[in-house]
Amino acid sequence: MNVNMQKLMKISGFFRLLVLIATAIVMMYLGYSFFVNGEIRFGTSHLFHELWQDERASRGVLLGIQSPLFIMLFVGVYWLQKLLSHYQKGQFFGHEAMRCYLWLVWIKVFDFGLEIVQHLGTGYYHKQFFEHTSIELTIDFGDITTILLMLLIVYLLKAARELEAENREFI
């Protein structure tokens, strides 16, 4: 195996560790915010914060609205760890690595739609307690670009896998 591949394998291992550390830091921050400050700081809107402070609104319902995004964080970390594990083993173009990457793409697409539904659900719940509710659906161009870029990378990885297979046949 050449030197560049070995470097990529080491970098993948480093990023696996980095993702776990970053996830742990985010979880500690979220736990601290919730248990010490009594606040939720995970993908929330101004309507959510207004409801969180209002005694009429159920915090259980609000946590239920936020929980799918929180679950998606863990699912995304799982598949990213699995992908980086394959990369760490040098399996850059294998079927399993491609499957992990496709899961990450679908998670990103699902997360994009879920965030829109979460904002609409929060707005609908807000409307039950307040006269004036202004639902803001902010669609981040960066998210759309990321999804398109991930799809392009899927295509490139598939082409690279086919080239690698052709090279093996040629040898």
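This is a predicted model: local features need pLDDT of at least 70, side-chain atom pairs count only at pLDDT 80 or more; totals for chains, interfaces and linings use all residues.
A pocket, as the word is used here, is an open set of grid points with protein on both sides within 12 Å along at least five of seven lines, and its lining residues have an atom within 4 Å of a point.

**The largest pocket**

The largest pocket, with a volume of about 350 Å³, is lined by 16 residues, and among these Met72, Leu73, Gly76, Val77 and Leu104 lie nearest its centre. Four helices, namely H1 (3-35), H3 (59-88), H4 (95-127) and H5 (141-170), each contribute at least two residues to this lining, and H3 gives the most, with six residues.

**The second largest pocket**

The second largest pocket holds about 250 Å³ of space. Its lining includes Met27, Leu30, Gly31, Phe34 and Phe35, and also Ile40, Arg41 and Phe42, together with Leu63, Gln66, Ser67 and Phe70. Helices H1 and H3 each supply at least two of the lining residues of the second largest pocket, and the largest share, five residues, comes from H1.

**The linings by class**

The table sets out how the residues of each lining divide by class.

| Pocket | Nonpolar | Polar | Charged |
|---|---|---|---|
| Largest pocket | eleven nonpolar residues | three polar residues | two charged residues |
| Second largest pocket | eight nonpolar residues | three polar residues | one charged residue |

Taken by helix, then, H3 supplies six residues to the lining of the largest pocket, whereas H1 supplies five residues to the lining of the second largest pocket.

Technical notes: Residues are numbered from 1 along each chain as its sequence is written. Side-chain values use heavy atoms; hydrogens and water are left out. On a 1 Å grid over the protein atoms alone, a cavity is a set of points where a 1.4 Å probe fits but cannot get out, and a pocket is an open set with protein on both sides within 12 Å along at least five of seven lines; lining residues have an atom within 4 Å of a point. Grid points are joined across faces, edges and corners, and a volume is the space filled by probe spheres set on the points. Ala, Val, Leu, Ile, Met, Phe, Trp, Tyr, Cys and Pro count as nonpolar, Asp, Glu, Lys and Arg as charged, and the others, Gly among them, as polar.
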